[in-house]
Amino acid sequence: MTTLLNIDGLTKAYPGVVANDNVSFSIQPGEVHALLGENGAGKSTLVKMIYGLVKPDKGRMTLHGQPYEPAEPRAARAAGVAMVFQHFSLFDALNVAENIALGMEKPPAMRDLAARIREVSENYGLPLDPSRTVGDLSAGERQRVEIIRCLLQDPKLLIMDEPTSVLTPQEVEILFKTLRKLSAEGTAILYISHKLEEIRTLCDGATILRLGKVVDSCNPREKSASELAEMMVGTKLTPPSRPEAEPGEVVLEVTNLSVKSANPFGTSLKDISFTVREGEVLGIGGVAGNGQDELLSALSGETLAPNDAVRLRGESIGHMGPNPRRHIAVLTAPEERLGHAAAPDMSLIENALLTGAIRQGLVRNGFLNWPATRIFAESIIKQFDVRTPGAGNAARSLSGGNLQKFVIGREVLQKPEVLVVNQPTWGVDASAAAAIRQSILDLAENGTAVIVISQDLDELMEISDRFAALNEGRLSPPRPARGLTMEEIGLMMGGAHDMEVAHAEA
Amino acid sequence: MDLSAINPLVLIASLMVASTPILLAALGELVVEKAGVLNLGVEGMMITGAICGFAIAVETDNPALGFVAAMAGGAILSLIFGVMTQVLLSNQVASGLALTLFGLGLSALMGQGYVGIKPPATHDLNFGPLADIPVLGPVLFSHDAVVYISLALVVAVWAVLKFTRLGLILRAVGENHDAAHALGYKVVRIRILAIMFGGACAGLGGAYISLIRVPQWTEGMTAGAGWIALAIVVFASWKPVRVLIGAYLFGGITVLQLNLQAAGVAIPVEYLSMSPYLITILVLVIMSADRSRAALNAPASLGRVFHASS
């Protein structure tokens, strides 16, 4: 069997950073090959070069032994290379068939295409209705649209960029079945992920990237997850920890909270009830788009809730906006760092002022106390190890992990009674993520009630005392996190969304 | 006051003529906005089209050539906007406003030698006996070619957007330019072409005013028609057939206003001239009251600068 894709010495530099430095590896037909690395290791740039979105500065690729230099994605698709994107490249307002037609060179007439979509999707166990509007689909179904779009073109190499980050464990199972079937039919798969257990179950070979360079390659089935993690990060990681403690009295109580989403494609919250105690971490899991953003904004005060639905130590606070809630120490750190948690073009000092003004007393009679604000910003930077030349730098100039440390640190230092964080470590490298998790645990140890909303189940299992899952705007009853199995969690998350799998009660 | 002096058939026929300029401009703008670009320079492109068409028609004594020149003039002017917003990535709102002001000034300069001249006449199409059918004849079969072209364009834009791959790609670019780029579509090229189409339509609409509707050249003669066209696109929630309804509605108000004045209705003229804008504001308020529905109809990337990073 000849090599399918051979990559030799690919190099790509951007101003100030070498994204890929002399990267070489090869993929055999039918092989499932993992590309492992932290955020910023250069995985995305590498696959963009293979898919023709980015031109390499140096190096060459061969496909089936022939020189392969795709000038644009169209050429890559024509050569049999297809890609499923990490952030879905779908059009919300168009329907499934239209979305798929856009990704094809010569799409058949819409009626034939719809029939083919049905046929292929059922063939691979991914049922899909061609006439539905994509904006109404669940994350798992949206991914199916992308996969079907690729499969219709009969690819020889399928690139998948972080495909499971938005799926429930059951949906991951279904996806893996499809991928194994494809691989058995001779399609090679280049699988990008930093979820090590998945790679160990699925992949035949792995190439590990660190800071744009290939640092190692291995057969992931022969390595343990912690060995893989060390190859990836380059150092040993210590998991966050805290002493056992009995949670105190109930701080935040949410009863029968129903809120309509402001976004036409959003999810409305339905009848959500839970409590959080002093010193407790409540983890809320669930696939993206099941009401996470809506829950955060109902807790932060951006959307007002019925007054009695949210209570702080028995006081109704549902009608309070974000600033009155800051007064009583209910603080939040939203998911979107640039634009929601921080104003991208404002300096860190100004951003520190934006949420810290009330609790830190940075405003007097309408005048800003800049010196105190600077001290506050600098203390965040110092205590949370935010790597930046200075507090005067724009938020936009920080890397994802550093800005996230700043955003979380800003709320933590304000000594909240309740802290709500959404996706605290999304797109953050492993060591920064560990630091952020540790700071959340330290905060809980000092008596704060913490709610962590996240899609990273491993993270939630690591830090939560109790776990609940959001599914289509409903929250499952919280259960103690210790001892929960992946299968139980998956069922709490709604099992396989819209698939013919029994919805057993967990 | 004598309302019986208003003949409904003549009213409808003249309504179609009065509405054609805004219909053309609004159709062009609809395509531009479907591609995700907000071009507020419609008024400037219309008036530039009006003078280009007028000048060439007078010089060549051929109104058809005049209309072609008007389309070219509008398209060239819109190309300035296209390069500014798509290549140089400047703000679309500011560039569009600048285009309107520039167009008004440029047309005044170009038109200095043409004030008071009469352009060659454009003849109505001859449908023979069809024009003698009662009611339908005067309404449907008594117009010049441009009226029929504008109606055909409504159907064409609707069909292209709904049924063709070209239309699908255009909508995709306006819906999510990053995804369209990732799939390998040339976002900038598609948008510039859409902008030029919009410019040509606006130019044609402008020339219709200076060559048929009025017909003469005066400075600033489009008198806000471009702004009404912009409002109609939103009013129609980006649907071609509703653009037709909106344009005829607003055209109808303009004509009715003239007729009512002639009939001596005791309403101050100013109220009637205000009415299209008032209705536009009302419609916009009603539409945006339901935030989620307005958001559903609008192209999601409308007005956002596209920067092809990495």
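I am working with a predicted model, where local features need pLDDT of at least 70, side-chain atom pairs count only at pLDDT 80 or more, and totals for chains, interfaces and linings use all residues. Residues are numbered from 1 along each chain as its sequence is written, chains are lettered from A in the order written, and side-chain values use heavy atoms, without hydrogens or water.

Interface. I looked up the contact (heavy atoms within 4.5 Å). Chain A gives 28 residues and chain B gives 20 residues. I then took the buried area, the accessible area (1.4 Å probe) that two parts lose on being put together, summed over both. Chains A and B bury about 1900 Å², 62% of it on carbon and sulfur atoms. A:Phe91, A:Leu102 and A:Pro264 supply 29% of the area chain A buries against chain B, more than any other three residues.

Charges. I searched for salt bridges (a side-chain nitrogen of Lys or Arg within 4 Å of a carboxyl oxygen of Asp or Glu). The rule finds 2 across the interface of chain A and chain B. One of them joins A:Glu72 and B:Lys186, with the closest N and O atoms 3.1 Å apart.

Helix pair. I checked H7 (residues 165-175) and H9 (residues 187-213) of chain B; their axes come within 10 Å and cross at roughly 110°. Helices here are DSSP runs (H or I, at least four residues). Axes are lines fitted to C-alpha atoms over the stretch in contact, with angles from 0 to 180 degrees between N-to-C directions. H7(B) and H9(B) are therefore roughly perpendicular (65 to 115 degrees). B:Ile169 and B:Leu170 are among the H7(B) residues in contact, and B:Val187 and B:Ile190 among those of H9(B).

Definitions and conventions. Helices (H or I, at least four residues) and strands (E, at least two) are DSSP runs, numbered from the N terminus. Angles under 35 degrees count as roughly parallel, over 145 as roughly antiparallel, 65 to 115 as roughly perpendicular and the rest as oblique.
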